[in-house]
Amino acid sequence: MSSERELTRTYEPNPILRALYQRFFDKIQVDEAWVREVRELSERGSIVYVLRSLNFIDFFALDYLTKRYQLPQIRFVNDLGLWILNPMGKGWLNAILPQSNVSPSDELADALAHGGSAALFLKRPPGVLDVATGASGGRGLKEGDELVRSLFDLQRRSDKPIFVVPQVFVWTKFPNTRGTEPFDFLLGPREWPSPARTAAQLIHNFKHVELKLGEPIDLSTFLAEPNAATDAVRLRRLTYMVLGRLERERRAVTGPAEKAPERVRNELIRNPRLRSVIDDLVDDRNDRHTLVQRAHDMLKELQAMPDRTTVKMLEVVFHRVFTRIYAGIEYEKSDIERLRSAARQGTLILLPSHKSHVDYLILSYIFNEQNLPLPLIAAGDNLNFFPMGAVFRRGGAFFIRRSFRGDRLYGAVVDAYVRRLIRDGYPIELFLEGGRSRTGKLVAPKFGLLNMVVDAALAVPERPTFFVPVSIGYERVIEAPSYERELQGAEKAKEDATGLLKTSEVLRHRYGRINMQVGQVLPLEELKQELGWDNGQSLSPAKRRGLVTRLGNRVMDEINRVTSVTPGALTALVLLSHQQRGLPHRELLSRAERLLSVAQRQGARSSPALSTATGRLRTQSLREAVQMFVDADLVEVHYPDEPTPSKSQDPGENASYVVAPARRLLLDVSKNIIVHFFVERALVATALLSAPQKAESTAWVRDRVQALSRLFKFEFRFRADRPFEKIFEETLTSMLETGELAKEGDTLLIGPGRDGWSGLDWLLLYSAVIKNFLEGYWVAARVLGELVKAPLAEKELLKRGIALGNRSFLAGELERSEAVSKSILANAFLAFVDHGFLSLRDNKLDLRSEFASEDGAREVAARLRTFIPELG
């Protein structure tokens, strides 16, 4: 350069552009980690932002954000022609007397020398003729190669590192499409958009635009790498690295490229495994053409067909509905970042808990808000009803038959489809429990679809697969009234369009907050290593089943571990676990504080609405939860001066709360979401309180707790990663340390207590948590007398058990009306079969020979009574 005159300056937009900047670019989502990293790098060296495709809107946005966050200002950008918009941008002297011998490389060097940064576009988007003739090959055209070579030279002459920082603006969340669309000729393809297309995407999607940072590259380290040949080779390597990192970041938002549904079906029909099954099934009754057509029809029935317009419509509708009926959706930003990191590396298999049909929407809603690719959701074909089936399909649902045992062709079709989704990188959401839990507790996992997904993932070793346990918790479940009817013995109502007519009823109520928590992400490769399997090792069916069972149990344990204690769940637990007719407000707070501390001591997470960052209870959240239950007619508010309950009365300092017996089962659904945090202590407390002197040897208590654990084998989920002895010892040690229990020699007895409560107070509280289950199992044992005359189908025995339970409650033999539950009775019958009290033959339950008498049936009930001191 022949002159010492500054060749570059920071770009200053004109007033009109400045106003547009603030209107649109302020909404761009910027990760604070990006700001921190760029700032740290700028303290060590020079910054060169590298972007994919030459586009002045990208530059305007990046320029605005670097100024907004006070990062090194951009003094150079290649070949945008910005002088037209701001002819004095390089100063009046350069505008009047431009230097003809100044090259872009000179300007780039000047920008970095004066402490600024530079923006370098690697490619130019293809024009209309390029797209029409296919000259671009679907890629951008070369633009920044010479400047990259200049960066190499600058780095070699400088002791200070130059950092290449890949940046990509994701202007739209919609994925690319394979092939050319009509608008591509005018606006450029979506992956290489023209400024016109970018402007349209910005206006349509400006609330969700995101700036993504690829992994920075230190040029000094890059150039010092051994085995590099020429600068031409280095240039290609660097360009490939940057574009690869930018594409990975962009796809972490948009997901894989779309194909037309018919094209996908045709490609799947050509899948070798599916073709092999079709060939095997050809016989005298089924020719190949017929089987292929059946496979086509099955794929059409199965396939998700995400549609941009439908997704946008659902986004608007769900946002309005959610904000109307829920107080908010809580989740941790760190959980989102863990999901984003895994999504960059491979395919996510999302495995949420399943308590409501709302579960189908929650992850999609959160992913949409956080600019993650929307998952494709495995839904039961019972949801494929008119007209919502088509809407769900276009929103990302694919429908699987509840059972396809014996239909080999259908199994092969589903297998081929799932393999395709995993290979392409679509996030898949499936519910390991199968159907919705009617009780709030986790249901035993169903391994059928998970087994198919694991098989598909093992068949695509080049694509890492990550299994993600997700807990979705509710303060109040929308379907609780229908669950109540089912638990009281009514048949499950079939989903159809008539259910939509009840939407207006749902919209009249509030359901508290939804809480989403993500457990430890489980890479398939890590699970294989835990089992000592090599990548090249073929797995026997038994080993595959072992892998799936291990994975399923880990997922369920993780869901329980990360489930958050919410105000609604904690309030329901307190209201259902006391002996008084009414519970004063102050005692509600006192009990809630104690139960929360117990859960937190076990590592339980708590809702931000429930507790402060230090774990202190927010009392206002419990008042709001009580109000929610009052509004739903589940709880009555009484004041001493006004004994008549009134819905107009609000919860408060001097209030007492009463749960109507007929409404306890509804409240029980909310309680059971967190009941697992207290089951182990409750079993120990129940065992000791059932001892005549409330003191017994450790071995006696251990045997008693183990008997209860076996009895509740189908009721509660006990951790699969520890044996009973380990869990018992850990629980016992904790209760001794906190003074809830005491030990004299080998004798366990009631402890001195803590936090203002005696040891007996604590044990009574714990045992009260599971009292309805004990009473329910006692009812189930009593109804076994109906089998003395003849075996009965489970459905009929359940009906008689519910009738007996209702009579027992009205007669005062039961304290908890929620003990009379079809779910509790059904689990009790399973336990009785497991214990050898019952046998199951020809789909009928019958007493085993040693209990096949009136006295034998009474003996089973008598054994249960010993665990319930109030009934003993």
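Lys 694 is partly exposed, with a relative accessible area of 31% (partly exposed lies between buried, under 20% relative accessible area, and exposed, over 50%, with a 1.4 Å probe and protein chains only). The model is predicted: local features need pLDDT of at least 70, side-chain atom pairs count only at pLDDT 80 or more, and totals for chains, interfaces and linings use all residues. Residues are numbered from 1 along each chain as its sequence is written, and side-chain values use heavy atoms, without hydrogens and water.

**Overall build**
- The protein has 36 helices and 27 strands. Helices (H or I, at least four residues) and strands (E, at least two) are DSSP runs, numbered from the N terminus.
- The protein has 872 residues, and 55% of them count as buried.
- Take the contacts between residues at least 6 apart in sequence: 76% of them join residues at least 24 apart. A contact means heavy atoms within 4.5 Å.
- The accessible surface comes to about 38,600 Å², and carbon and sulfur atoms hold 52% of it. Areas come from the Shrake-Rupley method with a 1.4 Å probe; for residues, only the protein chains shown count as cover.

**Positive phi in two loops**
- Lys 694 is not a glycine, yet its phi is positive, about 55°. Lys 694 sits in the loop between helix H29 (679-689) and strand S22 (695-697).
- Asp 633, also a residue other than glycine, has a positive phi near 65°. The loop that holds Asp 633 runs between helix H27 (619-631) and strand S20 (635-638).
- Asp 633 counts as partly exposed, at 43% relative accessibility.

**Helix H18**
- Helix H18 covers residues 388-395, and Met 388, Gly 389 and Arg 393 are buried in it.
- Seen down the axis of H18, the buried residues fall within an arc of 140°, so they line one face of the helix. The arc is that of the directions from the helix axis to the C-beta atoms.
- These buried residues of H18 pack against helix H14 (288-302) and strand S12 (397-400).

**A three-strand sheet**
- Three strands form an open sheet in the order S25-S27-S26, with antiparallel pairing. Two strands pair if DSSP finds at least two bridges between them.
- Strands S25 (792-793) and S26 (838-841) stand at the edges with a single partner strand each, so one side of each has no neighbour in the sheet.
- S25 and S27 (residues 844-847) run antiparallel and are joined by two bridges.
- Leu 792 stands opposite Leu 845 in S27.
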